[in-house]
Amino acid sequence: MPQQQPHQLNRTLSLPLVVFYGIGTILGAGIYVLVGKVAGYAGMYAVMSFIIASILASFSAFSYAELSERFPKSAGEAVYIEQGFNSRHLSTVVGLMIVLMGSVSTATLMHGFVGYLKIFVSWPDTLIIIGLLVLIVAVVIWGIGQSVWLAAVMTVGEIIGLLIILWVAGDSFGQLPTRGAELVPPMDGLVWTGVLLGAFVAFYAYIGFEDIVNVAEEVKEPEKNLPRAIIIALVVTTLFYILIATVSILSMPPQQLAASDAPLALLYQQVTGQPPTLITIISLASVLNGALIQVIMASRILYG
């Protein structure tokens with residue numbers, strides 16, 4: 001009898017699609033939800049928190065880039081553990097822990113989505129979250145090509161939203177010559193405690209580049225495209241984080257940003273005096289995009 005060939009996933013994802021996939025999950029989990037929380041810990045020094053978080057994240061990003069080139073498999077981290085320690089048991093535990101982390105990330109994003117949606121409606125949180133989960137699972141079942149294309153479209157929307165914020169609040173950059181010193185933390189232990197706590201929260205905003213490796217078996221030329229996608233996504237999101245954190249801190253008091261569940265929508269409203277309808281819709285799509293990619297990641301880890 002002829003032997004059955006093992007099932008293989010379709011390699012349908014090009015480098016641009018994978019880059020947008022990575023940028024989408026990082027931005028969705030980060031700047032649209034967490035900029036206010038970071039400001040709550042670090043105050044005027046929130047920009048420094050994002051810089052520190054980006055430096056810490058770069059070590060992981062370069063490691064993932066190297067490992068994804070050597071072992072382009074869907075299970076990502078679980079494969080790396082098995083190759084490094086030759087332990088299938090440890091690999092399985094790590095894989096399940098990453099799925100759990102993805103579940104927690106999805107829950108966090110859902111909470112952020114509800115915060116933005118309440119600007120429009122006051123539906124029960126539980127009803128909104130259940131509806132979102134059903135929608136996301138349906139999209140993932142639809143197929144990886146369709147899911148990533150949808151994620152790419154929403155990522156373009158995220159970038160447009162951030163560019164709008166930079167446009168309307170861009171005048172604040174003119175304050176840097178006179179207020180730039182306010183963004184540099186002094187050598188004070190209490191101040192740096194807040195900065196490092198802010199960096200701890202901001203590091204969560206970089207979670208996402210590792211999700212790229214979990215679609216390895218659906219990427220064209222993964223040995224070349226996966227490392228490139230990881231580095232490009234990290235650089236692009238770091239630039240956005242620093243720019244958005246700068247205009248946010250210069251435009252509004254940190255305490256006001258920290259008190260809002262929709263900080264960028266609040267910033268837009270404060271600066272323009274107009275309802276933040278467009279920014280809120282884009283923010284909703286951004287957070288939803290992050291949750292979609294977390295579910296894709298978890299399904300690929302389990303498959304691998």
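**Core, helix packing and ring pairs**

Okay, let's start in the middle. The largest nonpolar core here takes in 91 residues, and the ones with the most contacts inside it are Ile 31, Phe 50 and Leu 264. If you ask which helix gives the largest share of that core, it's H10, residues 222–251, with 12 residues. Apart from that, there's another core, of 7 residues, and Ile 81, Ile 98, Val 99 and Ala 298 are among them. Bear in mind, please, that what you're looking at is a predicted model.

What does Phe 50 touch, leaving out residues up to four places away in sequence? Well, there's Ile 31, Val 35 and Val 38, then Ala 202, Ala 205 and Tyr 206, and finally Tyr 241 and Ala 245. So much for the neighbours; on to rings.

The count of aromatic pairs comes to 4. One of them is Phe 50 with Tyr 241: the centres are 5.5 Å apart, the planes are at 50°, and the pair is tilted. Buried or exposed, Phe 50 and Tyr 241? Both are buried.

Then take Tyr 64 and Tyr 80. Their ring centres are 6.3 Å apart and the planes make 70°, which is over the 60 degree cut-off, so this pair counts as edge-to-face. Tyr 64 is also in helix H3, while Tyr 80 belongs to helix H4, residues 77–85, and the two are 16 residues apart. Tyr 64 and Tyr 80 are buried as well.

Have a look at H7, residues 144–168, against H13, residues 277–303: the angle is about 145° and the axes are 9 Å apart. Which hand is the crossing of H7 and H13? Left-handed. On the H7 side the residues in contact include Ile 144, Leu 150, Met 154, Gly 157, Glu 158, Gly 161 and Ile 165. Facing them from H13 you'll find, among others, Leu 278, Ile 282, Ala 285, Asn 289, Leu 292, Ile 296 and Arg 300. Sorted by class, this contact between H7 and H13 has 13 nonpolar residues, 6 polar and 2 charged.

That's my tour, thanks.

Methods: Residues are numbered from 1 along each chain as its sequence is written. This is a predicted model: local features need pLDDT of at least 70, side-chain atom pairs count only at pLDDT 80 or more; totals for chains, interfaces and linings use all residues. Side-chain values use heavy atoms; hydrogens and water are left out. A nonpolar core is a set of buried Ala, Val, Leu, Ile, Met, Phe, Trp, Tyr and Cys residues joined through side-chain atoms within 4.5 Å. Buried means under 20% relative accessible area, exposed over 50%, partly exposed in between (1.4 Å probe, protein chains only). Helices (H or I, at least four residues) and strands (E, at least two) are DSSP runs, numbered from the N terminus. Contact means heavy atoms within 4.5 Å. Axes are lines fitted to C-alpha atoms, for helices over the stretch in contact, and angles run from 0 to 180 degrees between N-to-C directions. A crossing is left-handed if the near helix is turned anticlockwise from the far one by less than a right angle, and right-handed if clockwise. Ala, Val, Leu, Ile, Met, Phe, Trp, Tyr, Cys and Pro count as nonpolar, Asp, Glu, Lys and Arg as charged, and the others, Gly among them, as polar. Rings of Phe, Tyr and Trp (its six-membered ring) pair if their centres lie within 6.5 Å; planes under 30 degrees apart count as stacked, over 60 as edge-to-face and the rest as tilted.
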